Amino acid sequence: MAIFEHPSFDGHESVHSFYDAKTGLKAFVAVHSTHLGPSAGGTRFWRYENSDLALRDVLRLSRGMSYKNAMAGLNLGGGKAVVMKPEGDFDRAALFAKFGEFINAVGGAYYTAEDVGMTTDDMRTIRTKTKFVAGLDEGDAASGDPSPVTADGVFRCIKLAASKCEIDLDGAMVAVQGLGHVGYTVCKLLHGAGAQLVVTDINQHAVRSAAKEFGAKTVAPDEIYSQAADIFSPCALGAILNPDTINQLQAKIIAGAANNQLSVPQMGQELQDRGILYCPDYVVNAGGIINIAGEIEGNYSPQWVERKLKGVENTLEEIIDLATETGRTTDTIADEMARARIGR
Ligand code: NAD
């Protein structure tokens, strides 16, 4: 597939492909923008049917990181890596050591961290070959697992959106989709604030835990959209806001951690037409990259992270207020703000 004609190409500054026969490594690194600083974003380790799907993912995800980092007020551009999971047996340590060499070859235009399928062990392996890696759990500025900070940011955004819609979180009903690293902690914070919960996950163990720990009502995965909830918090998958699901929604607010929630941009308008406040995903879920940015800049501290999370709340408020004043959709406003910040 040609790069410059690719439908997901968006003026990316560089796109790198790497291959190593010995370890079976096939990887892409895409640097979307370095306007605000070196690009940063996680590595996704996933089984792709073919390299075209992997390329599409890295192009889209790196663009998303430019927007997310810019809106979080970080001195970072947007980049992403994907490593195609080899078929059959493979030597994980050798694979990621080689990948570390390739990250190093990009010369600092891209910093990597964890994303789907990656662990802190993998980050340590990559660190043996390059310094352009974060999300480590040891070292001077190590920031550790970013998920709790992502959950904190999501919770703050839910609180802000609720107050804008004059919904009291204490006693409000919140539907949470996905009880993983982020979603479960979001539930804990909501429960602490007095919210009632209705939850779903394909992992029954997580569902049972949430019922027990938070008194959450539990429903099957395809029933979560139609629940009589005030707020819907998608914390599992992308593209879950589509014509089929938004017709079922009763919630007045959507704010969650999942990336790329709108199946197509037109869904933003559809939600607004139904009187639903959509809080743009890449604004709401920036807590994790904020945590990682502190590590990259070498100035990680809880106080610094707190200031940046407060900035996320302020940005979301600005977007909501502008949408109310102008009648434009929140996602369009966020996209425009992000593009202006990255000089596009
Ligand atoms: P995770 O893998 O720990 O949790 C995802 C959960 O969703 C799992 O429990 C899984 O069983 C569940 N799930 C999968 N398919 C489902 C379905 N059809 N219905 C209901 N539940 C389903 O992932 P996470 O780290 O908690 O991240 C959640 C989302 O937030 C992802 O989309 C991720 O890309 C995004 N995100 C995460 C972070 C972070 O710091 N971890 C940061 C930004 C964005």
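The centres of domain 1 and domain 2, taken over C-alpha atoms, are separated by 29 Å. Domain 1 covers 3-62 + 77-127, and domain 2 covers 147-285 + 314-341. These bounds come from an automatic or database domain assignment.

The model is predicted: local features need pLDDT of at least 70, side-chain atom pairs count only at pLDDT 80 or more, and totals for chains, interfaces and linings use all residues. Residues are numbered from 1 along each chain as its sequence is written, and side-chain values use heavy atoms, with hydrogens and water left out.

Now the sheet. It is open, has 6 strands in the order β9-β8-β7-β10-β11-β12, and pairs in the parallel sense. β9 (217-218) and β12 (277-278) are the edge strands; each has a single partner strand, so one side of each lacks a neighbour in the sheet. Strands here are DSSP runs (E, at least two residues), numbered from the N terminus. Two of them pair if DSSP finds at least two bridges between them.

Follow the pairing through β10. Strand β7 (residues 173-177) joins β10 over 4 parallel bridges. There, A175 has F232 of β10 as its bridge partner. β10 also pairs with strand β11 (residues 253-254), in the parallel sense over 2 bridges. I231 is bridged to I253 in β11. I253 in turn has L277 of β12 as bridge partner, and β11 and β12 share 2 parallel bridges.

Which way do the β10 side chains point? In strand β10 (residues 231-234), I231 and S233 point one way, F232 and P234 the other. All are buried (under 20% relative accessible area, with a 1.4 Å probe and protein chains only). In a regular strand, side chains alternate between the two faces of the sheet.

Technical notes
Buried < 20%, exposed > 50% of the residue type's maximum accessible area, 1.4 Å probe, protein only.
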